[in-house]
Amino acid sequence: MSAREIFSSRNPYFAISVGVVAGIFVLTAVGGFIILPYAQPELKFAGIWDVICSAAGLPQRSASSDAVQPVRRLSEVVLTPTTLAHPTQESIGRGATLAQRCAICHGPTGVSRADSPNLAGQYGSVIYKELVDFRSGARTNAVMAPFAVNLTDREIADLAAYYAFLPRLPAYHPQQQLRKPRVVIYGAPIRGVAPCGSCHGSLDNKAGSPWLEGQSETYLKFQLHAFASGQRTNDISQQMRNIARAMTPQEIDEAAAYYASQPSEIVKATD
Amino acid sequence: MLVNRKLILAHFWLAFGGFGLALLLGAWQMFVRSPLYAWISNPEWYYRSLTAHGTVMGYVFPTLVAMGFGYAITESALQQRLVGVRWAWAGFWLIVLGAVMAMVPVALGRASVLYTFYPPLIGNAFYYVGVVLVVVGSWIWVALMSINLRVWRREHPGEPVPLAMFANVAGSYLWAWTAVGAALELLLQIIPVALGWKTTIDAGLARVFFSWTLHAIVYFWLMPTYIAYYTIVPRAIGGRLYSDSMGRIAFILFLIVAMPIGIHHTFADPQVGAGFKFIHSAFTALVALPTLLTVFTICASVEIAGRLRGGRGLFGWIAVLPWKNPIMLAVAFSFVLLGFGGAGGLINMSYQLDTTVHNTQWITGHFHLIFGGAIVIMYFAIAYDLWPHLTGRALPDLRLARAQLWLWFVGMIVTTFPWHWVGILGMPRRMAYYDYADPAISPQAFSVTLSAIGAIILLISGLLFLFILATAHRQTATEAGAYRFSVAVHPPTTVPIALNTFALWVALMIGLTVTNYGYPIAVLASRPDTSVPAVYVGAQ
């Protein structure tokens, strides 16, 4: 039997198998695209075509409302393995010159005495992301924004290279080291809070997440509250807002106090 | 007539060697995330290990078993020398190269994305290229199966294709088509991003492409097992196959409906319409049909063996079955595990019931029960059955083989039943660790400990399996005779052309792919606003 004879309506195997398969498809399509949507009284449809489009998953803009626009600018930073790879000595040098402007708050050696973040030895990706966000308005701060707004891409990369190049120095106000609180090691799985250490180092480090050891306790607390209240929104997938919202005030205090008490020399991506 | 024994042995040894290593990683993962061990403090190690475990167990191991078994079937069922031996070796070496290329970045922690890829997570490009090479190597096998069947047909015009070869070629066509989904995802979406040509990826479309592969791949894994049910078991226990036609119909049904059902893996995904989810759910129900046909046919065939051995009465034939024969033991265990796994699968494919178990350890339990249990235990049986013919030496001691199968059966139940249970309690999967001191999850500590113990039992069984195969090479040489497949009660003399060829069934498979996947893929691919920034593993 040739191919033509197989694919012929006179061949009972062809007729029956294609008929049964087509029949099942049509039946399930009627069920899935028409009967089931109508069986859900909470769904309101304009007509049968609306029902079918909705079940097919065609995104539709309803006539009554426009698409929701975000109230705030969101972060648009994309980091690839090559964005900041292999900075040159010239790049670090240019960054050092540019960093003169930052010294008033972040300290001449990248260690702050003003409850601003210590930048010496911070990951390049972190400096890069925050500066791009300050420049675009995704992160707002009355003091930082004017500094960032006129930076070029190259200047931001130079600053990132410079601060990543600096050695981490002991924090200005070392205290007695505290024990790791639960939220840092385990998070709070039942409330969907990942451990701090799973992104900020010790358990693991994720791109764009800063190390926190030796940072100002006031600064850390302020940022967690800003994430929780929605005042700060430059976390790309809302991960910090979701976590900070679910943290108890006590957990916020413990985490901030713990990280502030750690010397920054101990920073490692993983223990 | 097994001529190219080295080729077949190379496939099996690479498959089982990889399986041993991946099993070791699996047992380690179970152990370190259980309450038996203080946390290793580094989830990256866990995910690295998980990626290696999944990649080897999901892509490398079953593909090599299907290939090696396929070559053995070609030579022994068709009674002709394999055509294209050089190409077969080329396919083998491509898989070796691909597996090494994929595993190096995984071992270095540059591709801890799990074997299901999960974009927008993007790992090192060599990982994906390695997986592509493994698939390309297996496509050579697909072509060879088709060519060898064609050669045989030319010399035997009009004769029924032996069931083993018919099923083998059906499995190879299923694999060829189902691998296209993941291949499109890798080549069009992931690899360009991994190479840095693009920085955004449509993760929703990628998931739809992967679902194209993800469910039918299970049936590709299942093919050697089903071939063994039909063509090894009745012969090995001294019976007859109840129906040759039933076997053909079952494999044809797998070819048609295994493929257009994968969207039940994306029930919780917003980018796929509910109508398509319903269609896929209904077609998933259909795929139970060939399995039920198989269970019926094989039980009938086993009953024939029991009656031939003098069994009487309603259940008397069960007691007289050759329970000391490892193949008998394996098929019984495989059916029990398939029964439990299949029952769980009915829950997963139901839109509403799935919501309660979605992304929980229930799912992990389910696919380990089906793949690690029902399928892999028959891979053991295939190896035990073929080994004397490949090595020319008898197995060292059947008691060892029986002990190994018992350990695997018990170990798989001890591992997966508690997994199902904690899944119902809501324990999510893909988590590197838990704090069992937390009062909310401390009651689950016992179940997790139990399943970790099950993993240790499985590891012992797996190592015993490798030991038996290795020592078999050192036995004294014996003549095992020609490798034969089971004979049907009514051996086919003529078969309707439709049950002897594939064109119609492959056309239906592709047609259903177009109807069930065409629109969701087209609409996602054509929209400009569905991509998200890639998240590069290890970018800092």
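## A walk through chains A and B

Of the contacts in chain B with a separation of 6 or more, 86% are accounted for by residues 24 or more positions apart. Keep in mind that this is a predicted model, in which local features need pLDDT of at least 70, side-chain atom pairs count only at pLDDT 80 or more, and totals for chains, interfaces and linings use all residues. Residues are numbered from 1 along each chain as its sequence is written, while chains are lettered from A and ligands numbered from 1 in the order in which they are written.

Chain B contains 17 helices and 4 strands; helices (H or I, at least four residues) and strands (E, at least two) are DSSP runs, numbered from the N terminus. The C-alpha trace of chain B spans about 65 × 50 × 45 Å along its principal axes. Of the 540 residues in chain B, 54% count as buried. A residue is buried if 20 or more other C-beta atoms lie within 10 Å of its own, exposed if 12 or fewer, and partly exposed in between.

Now look at a pair of helices in chain B. Helix H4 (residues 125-155) of chain B packs with helix H5 (residues 163-194) of chain B at an angle of about 155 degrees, and their axes are 9 Å apart. Here axes are lines fitted to C-alpha atoms, for helices over the stretch in contact, and angles run from 0 to 180 degrees between N-to-C directions. H4(B) and H5(B) are therefore roughly antiparallel to each other, a label for angles over 145 degrees. By class, their contact has 21 nonpolar, 4 polar and no charged residues. Ala, Val, Leu, Ile, Met, Phe, Trp, Tyr, Cys and Pro count as nonpolar, Asp, Glu, Lys and Arg as charged, and the others, Gly among them, as polar.

Leu398(B) is partly exposed because 15 other C-beta atoms lie within 10 Å. Leaving aside neighbours within four places in sequence, Leu398(B) is in contact with Lys324(B) and Pro326(B).

Chain A comes next, with 12 helices and 0 strands. A compact globule of 271 residues would have a radius of gyration near 18 Å, but chain A has 28 Å. Along its principal axes, the C-alpha trace of chain A spans about 90 × 45 × 40 Å. Buried residues make up 35% of the 271 residues in chain A.

Where do the two chains meet? In total, 37 residues of chain B are in contact with 38 residues of chain A. On the chain B side, the elements giving two or more residues are helix H2 (43-77), helix H9 (274-286) and helix H17 (503-526) of chain B. H17(B) gives the most, with 8 residues. By class, the side of chain B that touches chain A has 24 nonpolar, 10 polar and 3 charged residues.

How values were computed: Angles under 35 degrees count as roughly parallel, over 145 as roughly antiparallel, 65 to 115 as roughly perpendicular and the rest as oblique. Two residues are in contact if their C-beta atoms, placed from the backbone, lie within 7 Å. The radius of gyration is taken over C-alpha atoms; the globule rule is 2.2 Å times the number of residues to the power 0.38.
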